[in-house]
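I set out to record in this notebook what I looked up in the structure shown below. The entries are grouped by topic.

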Amino acid sequence: MRFPQHAALIAALLAGASLAAPVFAQQQAANSAQPSSASGAEARADALVRAMTLEEKLQLVHSYFPPLAKPQPPIAMIPSAGHVPGIPRLGIPTLRESDASLGVANQVEQRKGDVATALPASIATAATFNPRLAYEGGAMIGAEARAKTFNILLAGGINLTRDPWNGRNFEYLGEDPLLAGVMAGEHIKGVQSNAIVSTIKHFALNSQETGRTVLDARIDRAALRESDLLAFQIATEIGKPASVMCAYNKVNGDYACENDWLLNTVLKQDWGYKGWVMSDWGAVHSTQKAAMNGLDQDSGQELDDAMYFDKALAGAVKDGSVPMARLDDMVRRILFGVIDSGLMDKPVPDSAQPIDYAAHAEVAQRAAEEGIVLLKNKGDLLPLAKTAKKIVLIGAHADVGVLSGGGSSQVRSVGGAPVEIPLTKGAAASFARITWHASSPLQAIRALAPQASVTYLDGSDPKAAAKAVRGADMAIVFAWAWRTEAQDPESMALPDQQDALIEAVAAANAKTLVVLESGGPVLMPWVDRVPAILSAWYPGQRGGEAIARILFGGVDPSGRLPITFPASVDQAPRSEPAGLAELHAADARRSAGNKTVYGMSGGVAPFTVDYPEGAEVGYRWYAAKQRKPLFPFGYGLTYTRFSYANLKIEGGAGLTVGFDVTNTGKRAGADVPQVYVEAKSAAGTRAYRLAGFEKVSLAPGETRHVSVTVDPRVIARFDEAAPGWKVDAGAYPVVVGHFAGDTALKGTAMLDALSARP
Ligand code: BGC
């Protein structure tokens with residue numbers, strides 16, 4: 001894997017640097033989390049602040065929530081997430097904010113008829129293990145946003161998957177800090193390559209949706225630095241997002257958006273971050289505390305229980321409880337981001353511009369094709385021969401489309417929504433519908449198998465499905481599990497009796513394939529009775545075509561799981577969301593007709609969530625507890641085979657791991673060899689950690705040498721007392737494998753002691 005930010009480290013190593021600390025320091029200088037100031041952005045922001053009136057400064061530090069804003073600001077608002085009026089006399093543009101994790105969002109079609117290209121879910125992009133695709137997706141979204149006159153994108157979701165059931169896992173990048181950090185960083189870099197702003201979100205530990213606005217997430221600080229914060233840190237260094245969105249929840253007692261340690265100490269002081277912190281929508285709870293503890297902009301202010309950064313902040317500045325210097329700092333940070341991203345010098349057009357949707361659909365298709373993971377392929381059932389005569393598709397509306405995840409990230413995709421089911425209850429009901437993108441697997445499969453009879457049944461009647469698949473060359477059950485922002489599922493089982501449907505079909509036809517459309521793991525009680533399983537995630541607006549191409553071998557499956565699939569819920573650190581009791585109590589009060597004003601929390605009483613697993617997230621937890629998951633992190637099959645040889649480890653003041661990858665099969669394909677290094681956390685636990693990976697495409701028989709330079713922080717422990725990163729001198733076991741727990745090649749690195757600033 002090539003990290004551009006490692007250039008300084010590598011140069012130093014090549015120059016023969018042997019003193020550990022300076023090498024680490026040079027790497028950190030190259031890694032600085034602040035956006036580049038090559039443009040003189042700091043000086044320009046300073047000059048603007050000096051030229052601004054108090055009213056103008058106050059105008060920039062809060063955004064309107066267009067659906068609720070009264071009175072409307074002078075420049076028309078686009079129905080979307082946020083709006084900050086610009087200051088034309090100083091050339092400061094109006095900030096138009098849209099959600100954009102997987103495409104320019106348009107939840108519940110608030111802008112009638114406005115479509116955009118929908119990428120697969122972010123977790124599918126993570127499954128590509130291909131940073132280039134993450135960049136391309138971001139660049140595509142940014143181009144569409146600009147053409148639609150948006151200039152601030154609420155993207156870059158990177159909360160680590162701690163719980164397999166988290167409702168928003170589909171919007172994130174899995175459970176590993178290195179993988180998530182690199183992929184989010186590249187995505188953000190892609191968005192901002194359009195001279196607009198991307199956020200990174202939600203800072204930090206917004207790891208579940210149940211009670212997200214009231215819960216207090218408790219974790220050891222060093223463990224947080226070694227896990228979730230490391231993901232943010234790596235992504236921030238690579239992507240240089242102009243803005244960081246703080247989360248709804250509390251972290252160790254204080255709301256994330258008024259958390260001095262998170263915002264001032266970690267982000268701004270330790271990481272030297274120069275952009276601005278914007279709140280999540282409705283995540284602000286105070287004026288003075290939030291302002292002094294690091295929040296720079298209150299987002300969608302009408303969603304807070306009071307408008308803390310509007311007149312209240314003006315009052316606080318007047319009475320000195322928030323010094324003018326701090327208001328200036330808030331404004332300077334916003335302007336720095338706006339200038340440094342290029343937005344100030346290259347304003348977005350005044351009116352919507354044409355978009356090359358056909359070209360953008362190709363980007364979505366490439367991401368889907370590389371993100372789909374082949375989980376099981378007994379007897380090489382796939383790829384399916386083009387000579388197949390009878391193929392039966394069942395379920396999940398596979399005749400018309402593919403499922404997407406719900407919430408603020410929902411894209412109204414090109415082609416519209418052939419199936420859209422409104423919600424009748426739950427926290428997501430006001431802004432989410434169960435939505436299918438118009439990408440029909442049925443049509444795509446028919447197009448690739450013109451000689452075959454390809455039919456579809458909705459799956460509502462398992463007996464009819466079993467009858468229909470008898471004698472078919474392949475039975476394909478499309479299984480679905482919808483996930484959404486604002487809610488966690490209370491069960492990880494497939495809904496709607498789909499397990500029974502799969503069992504019935506598999507019993508009737510030995511050539512049964514399950515194509516899973518889900519935001520993450522589901523329980524698979526039928527796993528041993530089904531020969532082939534494909535995880536398509538939510539595959540985006542070209543998902544049908546991507547699935548069909550994989551089925552017939554037009555493209556070799558090369559996705560790998562960015563998240564562990566547990567065999568049962570009790571294998572995970574928490575088998576269900578914390579706060580379910582509080583959620584149910586609020587629901588009961590509501591059904592009993594209680595007229596309390598529920599606000600953002602929906603009336604859920606505050607509760608705490610403990611994260612005793614600390615830094616040992618995901619596959620590290622399973623290894624520590626010696627639990628064998630259903631499918632491990634990093635896992636994914638191909639239609640060919642790959643082998644590894646010639647391990648070469650260079651230790652000392654840095655760590656480089658080299659090896660050869662050979663395609664030993666008969667077909668071309670792509671592999672993702674993974675380097676894991678065993679290291680000790682601050683908490684004293686030892687675990688193999690993903691230290692590098694690379695996606696390699698190889699022709700049959702071809703061998704390629706791969707060399708991975710390891711970011712020392714991935715193998716370091718965080719010393720809160722220093723504070724800083726520490727690598728102890730000694731021997732570090734290294735493995736190269738096809739997935740977490742695989743030990744295809746084994747060796748040991750001898751490392752010098754390293755220490756460095758946070
Ligand atoms: C979500 C954010 C989103 C914001 C604006 C919040 O509910 O947590 O991710 O950017 O809404 O739509």
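I call a residue buried when its relative accessible area is under 20%, exposed when it is over 50%, and partly exposed in between, with a 1.4 Å probe and the protein chains only. I note that the model is predicted, that local features need pLDDT of at least 70 and side-chain atom pairs pLDDT 80 or more, and that totals for chains, interfaces and linings use all residues. I number residues from 1 along each chain as its sequence is written, and side-chain values use heavy atoms, with hydrogens and water left out.

I began with Ala396, which counts as buried at 6% relative accessibility. Ala396 sits in the loop between β11 and β12 (402-403); I take strands (E, at least two residues) and helices (H or I, at least four) as DSSP runs, numbered from the N terminus. The phi of Ala396 is positive, near 55°, in a residue other than glycine.

I then looked up Gln497, whose phi is likewise positive, near 60°. Gln497 belongs to the loop between β16 (474-481) and α17 (498-508). Is Gln497 buried or exposed? Gln497 is exposed, its relative accessible area being 65%.

I also recorded two cis peptide bonds. One runs from Leu382 to Pro383, with omega near -5°, and Pro383 is in the loop between β10 (373-377) and β11 (390-394). Another joins Ala722 and Pro723, with omega about -15°; Pro723 is in the loop between β27 (717-719) and β28 (724-727). As background, most residues other than glycine have a negative phi, and most peptide bonds are trans.

**Entry: disulfide**

I searched for pairs of cysteine sulfur atoms within 2.5 Å, the cut-off for a disulfide. The count by this rule is one. Which residues does the disulfide join? Cys246 is linked to Cys257, with an S to S distance of 2.1 Å. The link of Cys246 and Cys257 is right-handed, with 110° about the S-S bond. Cys246 lies in strand β6 (residues 243-246) and Cys257 in the loop between β8 (254-255) and α10 (260-270), so the pair ties together parts eleven residues apart in sequence. Both Cys246 and Cys257 are buried.

**Entry: ligand**

For Arg212, the distance from a polar side-chain atom to a ligand oxygen is 3.3 Å. For Tyr248, the corresponding distance is 2.9 Å. For Glu485, I noted 2.7 Å. The ligand taken alone exposes 310 Å², and the protein buries 92% of that; these accessible areas come from the Shrake-Rupley method with a 1.4 Å probe, and for residues only the protein chains shown count as cover.

**Entry: Thr662**

Thr662 is buried, with a relative accessible area of 19%. The side chains of Thr662 and Thr703 are joined by a polar contact of 2.7 Å. With neighbours within four places in sequence left aside, Thr662 is in contact (heavy atoms within 4.5 Å) with residues including Arg641, Phe642, Leu698 and Thr703.

Definitions and conventions:
Polar contact = N/O pair within 3.5 Å; in protein donor to acceptor, adjacent residues only side chain to side chain.
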